[in-house]
Amino acid sequence: MADKSCELFDAGHRACGGCGAALAARLMLKAAGPESIVVSSTGCMEVFSTPYPETAWKVPWIHSLFENASAVASGIESSLKKQGRKEKVIVMAGDGATFDIGMLCISGAFERGHDITYICYDNEAYMNTGIQRSGATPYDASTTTSPAGSQSFGNKRPKKDMPAILAAHGSPYVATASIAYPNDLLQKVEKALNTVGPTYVQIHVPCCTGWGFEGEQTIAIAKLAIETGLWVNYEMVDGKVTKAKKVVRKPVEEYLKTQKRFRHLFKPKRQDAEIEAIQALADKNAEKYGIDIKIAKKE
Amino acid sequence: MALAIGCRARPGKARDNKTGSWRVFKPIFDHGKCSRCGTCQIICPEGCITEDTEGFFDPDYAYCKGCGMCATECPKDAIAMKQEEK
Amino acid sequence: MLEITEGSMAVAEAVRLCRPQVVSAYPITPQTHIVEALAEMVANGKLDADYITVESEFSALSACLGASAAGSRTYSATTSQGLALMYEVCFNVAGMRLPIVMTIANRAMGAPLSIWNDQQDSISLRDSGWLQFYAEDNQEATDLHYIAYKVAENPAVQLPAMVCFDGFILSHTYEPVDMISQEDADKYLPKFSPKERLDAADPISFGMYATPEYYLEFRYEIDKAVKEAAVAIRAAGAEFGKMFGRDYSALVEGYQLEDAETVIVAMGSICGTVKDTIDEMRKEGKKVGLLKIRVFRPFPSEDVAKALKGAKHVAVLDKNISLGAKGATALEVKDALYGSGIPVYDYIIGLGGRDVRKKDIREVVALAEKGKGDQFIGLRKEVL
């Protein structure tokens, strides 16, 4: 068990105030402890944490390119194996680097079964370059490359199901987590680290700058994502969903109206059909993962 | 300081960057209301909230960006965001 | 010990003797025999390495990058399209100053697709910060691997290195090659012990980003390191010569150069054909010579200028072309001879595996002496 009181991510980093990703990095390192080697992809986290000569990382850390963190991690794992060293190899990459440009390398690494832990901090767009659409951008979210306009409601596609893809590669442990529930996040990261083979934890990290809300609301909005069923916290062991967080579900509107990236669904005119479509996505999640708490009717 | 070959660095210099200067609002911690749950310390993205010998918490104002997450999440409303006097 | 062996096998054996801990390579013609041989060695316990069967060349070099940063001696091999796919990682590896050694079985770049030899692939990466060695024959190809690792891992260098040998012409040809023993290889090339590596005992951040306040200085330092690597190359080459009788301390090598009026400048296996042609022409009384360039990066400008001082015509053979301009070697040689008044002519030859014959070399010499150059040699007019 790692010492949870240790801070392996130094203050002085340049993340926005209220950054969900910075919190995710801090928490991930608490679970990992100092005997870790972290591989970061290019992205917000890498940029706000390592402007030469300032680095916030107090563990060995490496950044190579945008799309090759999994391949670099494969090489490190291989090297440590030959040297008889025990440090844990952890990838920390954003959704863009994971779902899109990094697909080649993550597929290869997971197919080969390297003993690495892949943590994806999912803020649902290419944030570092100014909020562009990624394969993780949710349906109807407005980004700069999927903007809402007179001819468009924003992103036309649902989130790519990365956890399922990696479970299909034979990953023994795949989980989703959220900064809304830090202890759950720590447990899942620890479980991923202690499971031999390629494991994956996808952490929901709301981005105040990219989604359009005040930094103080980061945790609250992460909670709403789960409470509306648009994000489900679950675990998959050997490809089967074993545990999903249950909620008393709120209507998706309560989540959507908090963020500027969904404002076009309410102003200038309320878009009932779109909101219903998003509700349907949440309902589908609820059924698929069994997250609804059934409240017994009182006679 | 000589340029590090390969653009590498050992930890430490991030702390030269005093992000407390970014603040517009400052969190004021009221120990009288605090239940010592530790939520603020867990969720601070800067990791700059520390526990004192009595179990109460305080931010390091050299790094606190004033984001307000601690104030929003504190179950006892023991943290208030006040506009900072410059 | 002298063996008749295929070029690829000799290279694979040399790599084995260098004891890489991690091998990560993706198959591509004409390098496949090397990576297959290495896989077999691992499977039979002859090579104690972890062999990563990566999903692309891009991943191959990325995996080597990680392994090297973690403290392992690593190896990869590729060519042509594969090297092009590694383009981004090549700049990254050099910038991060990781001493990876990679064999390039030189092959033409598509389109149009070609599996046959020319040197466009590695030449197109001459900007990347990798040291570049070009082998004339399989003996050189073999020996240059020991030397490449020794130079790359030298603390004064810390740069990746490409050992280039012509695909099919060398890789798939059987030649006598003297293989050194494991004991001698270990003496020449000690264990890889980088001062800095990914290690929880001494945490370091690798691959940080550089603002405009620092980037220029980082590039200056890498350029300096590439240029100053010539010192380490000479030393490693001389030491090899002392131990094994084959001296590689010179970055360029003259053949019948002393009184040559027309000098051919070339790299790689074409030098063999040139030497044979020179022997014939010398018997006919012609004063021709060859300047072989063995190290292309760092480019040995001073050595080239010194060697070509007495020439009346310089004919550069380029198995590559910067489309819209000229061949890379010719441009570098022209730069080295700037101000000397010696005419330098560029001949684009042997692209895409087009066979180069002695008569082609004679044609080049004749053209150079007539003052005609900067053209393709051997164009089939009936096809155009």
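## Chains C and B

How many residues does the contact take from chain C, and how many from chain B? In this predicted model, chain C supplies 14 residues and chain B supplies eight residues.

On the side of chain C that touches chain B, two elements give two or more residues: E9 and helix H9 (215-244) of chain C. H9(C) gives the most, with three residues. By class, this side of chain C has seven nonpolar, three polar and four charged residues.

## Chains A and C

Here 37 residues of chain A are in contact with 37 residues of chain C. Strand E1 (36-40), strand E2 (61-63), H3 and H5 of chain A each bring at least two residues to the side that touches chain C. H3(A) gives the most to that side, with 12 residues.

The side of chain A that touches chain C divides into 18 nonpolar, 13 polar and six charged residues.

## A sheet across two chains

Which strands form the open sheet, and in what order? Nine strands take part, in the order E10(A)-E9(A)-E7(A)-E8(A)-E4(A)-E3(A)-E1(A)-E2(A)-E9(C). The pairing is mixed. Strand E10 (240-244) of chain A and E9 of chain C stand at the edges. Each has a single partner strand, so one side of each is left without a neighbour in the sheet.

The link between the chains is the pair E2(A) and E9(C), residues 205-206 of chain C. These strands run parallel and are joined by two bridges. Ile62(A) stands opposite Phe206(C) in E9(C). E9(C) is also one of the elements on the side of chain C that touches chain B.

Within chain A, strand E7 (residues 173-178) and strand E8 (residues 199-204) also run parallel. Five bridges join E7(A) to E8(A). Thr176(A) stands opposite Gln202(A) in E8(A).

## Helix packing in chain A

Two packed helices are described by the angle between their axes and the distance between the axes. For helix H3 (residues 69-83) and helix H5 (residues 103-112) of chain A, the axes come within 7 Å and cross at roughly 35°.

Which residues make this contact? H3(A) contributes Ser70(A), Ala71(A), Ala73(A) and Ser74(A). H5(A) contributes Cys105(A), Ile106(A), Gly108(A), Ala109(A) and Arg112(A). Together the residues of the contact divide into five nonpolar, three polar and one charged. Both H3 and H5 of chain A also supply residues to the side that touches chain C.

Conventions: Residues numbered from 1 in each chain as written. Chains lettered and ligands numbered in written order. Predicted model: local features only at pLDDT ≥ 70, side-chain atom pairs only at ≥ 80, totals over all residues. Axes fitted to C-alpha atoms, helices over the stretch in contact; angles between N-to-C directions. Helix = DSSP H or I, 4+ residues; strand = E, 2+ residues; numbered from the N terminus. Contact = placed C-beta atoms within 7 Å. Nonpolar A, V, L, I, M, F, W, Y, C, P; charged D, E, K, R; others polar. Pairing = 2+ DSSP bridges.
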